[in-house]
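Please open the structure in a viewer and keep the sequence alongside.

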Amino acid sequence: MKTLNQQFRQLRKMSMKKPKKELTTEQKINRRNFISFTAFAVLAGGAYEGWRWLYKSPEEAAGITGGARKPLRRALNKTELVFRRLFSNNHLVKTYPKSMAAKKVRVNSDIGIEAEKKFDPATWKLQVVKKAGDILQVSLDELKSLPKTEIVYDFKCVEGWDQVQHWAGVKFSDFIAHYKLDDLAKMQYVGMETPDKGYYVGIDMPSAMHPQTLLAYEVNDKSLPLNHGAPLRLIVPVKYGIKNLKRIGTISFSNSRPRDYWAEQGYDYYSGL
Amino acid sequence: MRWCHWVNFPILTIMIWSGMLIYWANDEYSVTLFGHTFFRFFPDWFYNTLKIPHRLSEGMAFHFLFMWFFTLNGIIYILYTLISGEWRELAPKRNSFKEAWLVLLHDLHIRKTAPPQNKYNAAQRIAYTAIILMGIGSVITGLAIYKPVQFYYLTWLCGGYHFARVLHFALTLGYVFFFVIHVVQVFIAGWNNFRSVISGFEIVNENPKPAVQTAKKNEHEEA
């Protein structure tokens, strides 16, 4: 009670325009304490309210991205810009000797390539949309006639696991050069979708043209099995696994973000490593 | 710098919470000795009580926003401590490790007297400096697993992607351990001490006339 009275007196003193007497040391002490605790309480309340605002902030409108709180999506997109500035194709993903590659390569998802769906790899052809109505079709044999690139690297999943895996196929940049798609590759994004359109990803062009990005048709020196995306899948080591689309049906190019399966469900669109 | 301390508290809480939302998606760590698993991080009841499961994307979004604040606050704190010279009160001295043992014995009521101290005793110097280093460690290991390609040198420094994740996790456990001891000690130290951490009162660091204030207060206490 005593301190309250003192604080009250101090408050009165503070409200006077010209305090005539110097405050005693004890008064100064109490005054400072009072101010400090008030400020602390106000700031703590403010922080709590700020958190509540963020936590209860509305979900973004479903579009190319979705499923995240509006301010958090904004933060993800801003953070992407920061790290895209740092991105360099000179930064290669660490590679390992073949002996370290996992014999049993983890299968984590079958979205878009579900086993019950009818799919015949023999009749498959890669569809490259050059422009509306102008589609380039490429067979697996044609792809295999291009220079083959192998990579043994640490595949990383957003879930937190990683595994050293051995993939082989055509470097995406070789593919672009061979089919003279350079003009299309000047656009900002590549979009890829499974033949059934059930899974789809968008990759920023620098990551797609990264020297370790592959259109892969082999794993551990053998043709891809169906559950790893036969006959052709994307291996993009500078991205999390969610961007490594299995069973590529179509490839297209655009200057705006192509639709992306997991970005629609609250994940970062960029998902770069 | 007490502002940084209080700003850090909610940020670190959010970082640990969102970190757990992420960890749940691949909770592979456990304490295993001689083939026997003593403890698995974390039991199901723990996850369910805290509503952790199936919130990976949410956890990542929060984690990758508040990492900025955590880092920024840490940088401000370190710069301030270095420039103001307050690090002298904080950094362990040559005899601190020996003295810290005596402080520990004293605090456990094994020994009656504690070594003389200034602002912080030897054990505090070590603990508080360690927590800052841990904070730096969390940022470095965090970057090593967040952008292992762009910051490949950090990942290398942390012993690879996989090990960096283990370190990042272990540091978080370290915070929780620190927090428990810290709070117990704050209770023991009493109200006056706690008040000073809010008001900056015992050791004035944001006051225009710190020397005068401190001196006067001491007089008052002695009177």
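**Chain B as a whole**

Please bear in mind throughout that this is a predicted model. Followed along the sequence, the elements come in the order α-β-β-α-α-α-α-α-α-α-α-α. Chain B has 223 residues, of which 20% count as buried. Of the contacts in chain B between residues at least 6 apart in sequence, 57% link residues at least 24 apart.

**Helices H1 and H8 of chain B**

Next, select residues 2–24 of chain B, which form helix H1, together with residues 160–189, which form helix H8. The two helices pack at an angle of about 135°, and their axes are 11 Å apart. The crossing of H1(B) with H8(B) is left-handed. To see the contact itself, show the side chains of B:Leu12, B:Ile16, B:Gly19 and B:Tyr23 on H1(B), and those of B:Phe169, B:Thr172 and B:Tyr175 on H8(B). Five of the residues in this contact are nonpolar, two are polar and none is charged.

**Where chain B meets chain A**

Now bring chain A into view. Here 29 residues of chain B are in contact with 34 residues of chain A. On the chain B side, two or more residues come from each of H1, H3 (56–84), H8, H9 (191–199) and H10 (210–222). The side of chain B that touches chain A comprises 16 nonpolar, seven polar and six charged residues.

**The nonpolar cores**

Select A:Met192, A:Leu214, A:Leu215, A:Ile248 and B:Ala61, the residues with the most contacts inside the largest nonpolar core, which has 64 residues. H3(B) supplies the largest share of this core, eight residues. Centre the view on B:Ala61: beyond its neighbours within four places in sequence, B:Ala61 is in contact with A:Ala68, A:Leu72, A:Leu76 and A:Gly266. For the last stop, select B:Ala144, B:Ile145, B:Tyr146 and B:Ala164, which are among the six residues of another core, apart from the largest one.

Notes
Residues are numbered from 1 along each chain as its sequence is written. Chains are lettered from A and ligands numbered from 1 in the order in which they are written. This is a predicted model: local features need pLDDT of at least 70, side-chain atom pairs count only at pLDDT 80 or more; totals for chains, interfaces and linings use all residues. Helices (H or I, at least four residues) and strands (E, at least two) are DSSP runs, numbered from the N terminus. A residue is buried if 20 or more other C-beta atoms lie within 10 Å of its own, exposed if 12 or fewer, and partly exposed in between; C-beta atoms are placed from the backbone. Two residues are in contact if their C-beta atoms, placed from the backbone, lie within 7 Å. Axes are lines fitted to C-alpha atoms, for helices over the stretch in contact, and angles run from 0 to 180 degrees between N-to-C directions. A crossing is left-handed if the near helix is turned anticlockwise from the far one by less than a right angle, and right-handed if clockwise. Ala, Val, Leu, Ile, Met, Phe, Trp, Tyr, Cys and Pro count as nonpolar, Asp, Glu, Lys and Arg as charged, and the others, Gly among them, as polar. A nonpolar core is a set of buried Ala, Val, Leu, Ile, Met, Phe, Trp, Tyr and Cys residues joined through C-beta atoms within 7 Å.
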